[in-house]
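This report goes through selected features of the model shown below.

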Amino acid sequence: MTAIIEARNLSRWYGNVLGISEINLEINPGITALLGPNGAGKSTFMKILTGQLKANIGEARIFGEKVWNNRRIFSRLGFCPEDDAFYEELSGLEFLSGLLSLYGFNQAECSRKARQALDLVELADVADRQVRSYSRGMRQRIKLAQAIAHDPEVLILDEPLSGLDPLSKRHIIKLIKEFKNAGKTIVISSHILPEVEALTSEIILIHQGKIIARGDIYFIRDLIDTHPHMIRIKSPQFRQLATTMAGEDYLLKMAFEPEDQAVIFETHDRDRFFNRLNELLLSSPLAIDEITSPDDNLQAVFDYLVGK
Amino acid sequence: MTTEIKRVFSFYFFLKKKSSRTKIFFLLSSAAILLAVVIRVYRLAGHWAENSQIIFQNILMVFFLQFLIVILALFYGTSIVPEELEGKTWPYLSSRPVSKAAIIIGKYLSSLAVTSIMLLSALLLSYFILNLDRDFQLKDIWTVVSYSLVLLLGLAAYLSFFTFLSTWLAKPILLGLAFGFGWENVIQYFPGTTQKLSIVHYLKSLLPQYTSASGRLSFLFIRLEPTSDWLAILILLLITVVFLGLAALLFSNKEYLIQD
């Protein structure tokens, strides 16, 4: 099957500053998340996909067609930009209807589709209010509404959940998942990890303009095995525990948190560490209150992979 | 592409009708109406005996020709691209199925439509306020129609030039100001062919009273070496088409970055 979105050797600089470098990827239907810190190159990649920027090297294709100056593909694509920018004088309904008219829909269709999109993002009751009077969350939702109003097959959403209250966030996440279930291709960028985890397990980690890892959440987790693990143990005898473990060759580092009566071990062999810990617990009167892995989440994977 | 231009035109005409900029410039253009009312009242009180046609020609030359059409074209034309970039609304346009040339031409036409409405309403109202009396003749209607057509031609040409500047420069307003109120004002006093390197030269050539050397503002007419009517019209149309074409071409191939 041909991928919906393809990037081949995609590179882009802003003068001497690198935007993205040698991005090669294929994106198929479903939700794919671009994850990376600010300035990682997520927005540059999305701007190339939406025809705002031209790649210096390589090319981006959507539905097998080149993106730059190719207006045909834009009737099948919806884009939610990151910036909080609008035609402020317009009401929510006028904003959506106006943008829909650029697709060639007649006035009645524009109005119907605009109202439908406003319903979806739960803004129907403020449809006639000027966008300038909307709250941050409402503005974020109307931005999403303009991306989905024409029922596109591909959705490119740049930080679509930022500024939303938890309730709206949950609603939008549900909506995006419904698009996925309808067979659409959704590319979403975020630097807020729980949001990404709530949306998809298909993740692309991007840092300093390069893709540093790609895969589902489990694949990313596997990557962690090539990196040290952190295990935090809270115990009244945390010093004794540290002394006992200190000689083990798979142990890389130890750090103390005396105020919490805890010790953090860093190991590159989690299995051997836990085997030894079990032995110790059986053979000595060590009391353990809590064992946690501070790095057992997406943020930790990301931090490891970018070498934080 | 015509349908795409129509779509862009409709959207932006609607948008411009609602914008606060339009309200401000509508008020500014109404200054001519206010001036006409004041003069009319003054004349009714028997203070200003000069022919009202001559008075209107002075308003036409100073306010409409050398100020209003230039300032309207300058502010609407030079903002065509920067307003999308500075307002960060460019992604909404660039991700729609309309060509970039259609965006420029559609936005140009919507600006021309809005500014033409302002210009014509101010021009016609002020003319009739000053001249509608017992001496008013049918031929006076042709006079005001010809003034309107000349000013519309001028507006179209200036707007096209400033639209081109907006596709070319990040901050086109400064060069626009220098051109509209510097170059255009100074160059017309140069003798020979140099004065033909301005838009205002062809507009003055078309105005029926260009040879008038009477009145307080006669200095505005000195040194004008007029171009023939048809050639002036042709050159104004050519300026409009060439600069609009260049703007569309440049905009289609250039990349525009939103500054964070």
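What covers the buried residues of helix 9 of chain B? The cover includes helix 4 (52-77), helix 5 (82-86) and helix 8 (139-168) of chain B. The model is predicted: local features need pLDDT of at least 70, side-chain atom pairs count only at pLDDT 80 or more, and totals for chains, interfaces and linings use all residues. Residues are numbered from 1 along each chain as its sequence is written, while chains are lettered from A and ligands numbered from 1 in the order in which they are written.

**Helix 9 and chain B**

The buried residues of helix 9 of chain B are P172(B), G176(B), F179(B) and G180(B). Here a residue is buried if 20 or more other C-beta atoms lie within 10 Å of its own, exposed if 12 or fewer, and partly exposed in between, with C-beta atoms placed from the backbone. An α-helix has 3.6 residues a turn, so residues three or four places apart point the same way. Helix 9 of chain B spans residues 172-187 and bends by about 30 degrees at F179(B); the bend at a residue is the angle between axes fitted to the seven residues ending there and the seven starting there.

Chain B has 11 helices and 0 strands. Helices (H or I, at least four residues) and strands (E, at least two) are DSSP runs, numbered from the N terminus. The C-alpha atoms of chain B fill a box of roughly 60 × 40 × 30 Å along the principal axes. A compact globule of 260 residues would have a radius of gyration near 18 Å, and the 19 Å of chain B agrees with that. The radius is taken over C-alpha atoms, and the globule rule is 2.2 Å times the number of residues to the power 0.38. Of the 260 residues of chain B, 42% count as buried. Among contacts in chain B between residues at least 6 apart in sequence, 84% join residues at least 24 apart; two residues are in contact if their C-beta atoms, placed from the backbone, lie within 7 Å.

L238(B) is in helix 11 (residues 229-253) of chain B and is exposed because it has 12 other C-beta atoms within 10 Å. L238(B) and A157(B) are 81 residues apart in sequence but 8.4 Å apart in space, C-alpha to C-alpha. K88(B), in the loop between helix 5 and helix 6 of chain B, is partly exposed, with 17 other C-beta atoms within 10 Å.

**The contact with chain A**

The contact takes 24 residues from chain B and 26 residues from chain A. On the side of chain B that touches chain A, helix 1 (2-18) and helix 6 (90-94) of chain B each supply at least two residues. The largest share, 8 residues, comes from helix 1 of chain B. The residues of this side divide into 10 nonpolar, 9 polar and 5 charged. Ala, Val, Leu, Ile, Met, Phe, Trp, Tyr, Cys and Pro count as nonpolar, Asp, Glu, Lys and Arg as charged, and the others, Gly among them, as polar.

**A sheet of chain A**

Chain A holds an open sheet of 4 strands in the order 12-13-11-14, with antiparallel pairing. Strands pair if DSSP finds at least two bridges between them. The edge strands, each pairing on one side only, are strand 12 (251-257) and strand 14 (290-292) of chain A. Neighbouring strands of this sheet are turned by 20 degrees against each other on average, direction ignored. Helix 8 (residues 238-245) of chain A packs on the sheet, touching strand 11, strand 12 and strand 13 of chain A, and its direction makes about 20 degrees with that of strand 13 of chain A. Axes are lines fitted to C-alpha atoms, for helices over the stretch in contact, and angles run from 0 to 180 degrees between N-to-C directions.

Strand 13 of chain A has a covered face, V263(A), F265(A) and T267(A), and an uncovered one, A262(A), I264(A) and E266(A). Several of these residues have bridge partners:

| Residue | Partner in strand 13 of chain A |
|---|---|
| H229(A) | T267(A) |
| F256(A) | V263(A) |

**Positive phi values**

Most residues other than glycine have a negative phi, and most peptide bonds are trans. K88(B) has a positive phi of about 60 degrees although it is not a glycine. E159(A) has a phi near 50 degrees and is buried, with 23 other C-beta atoms within 10 Å.
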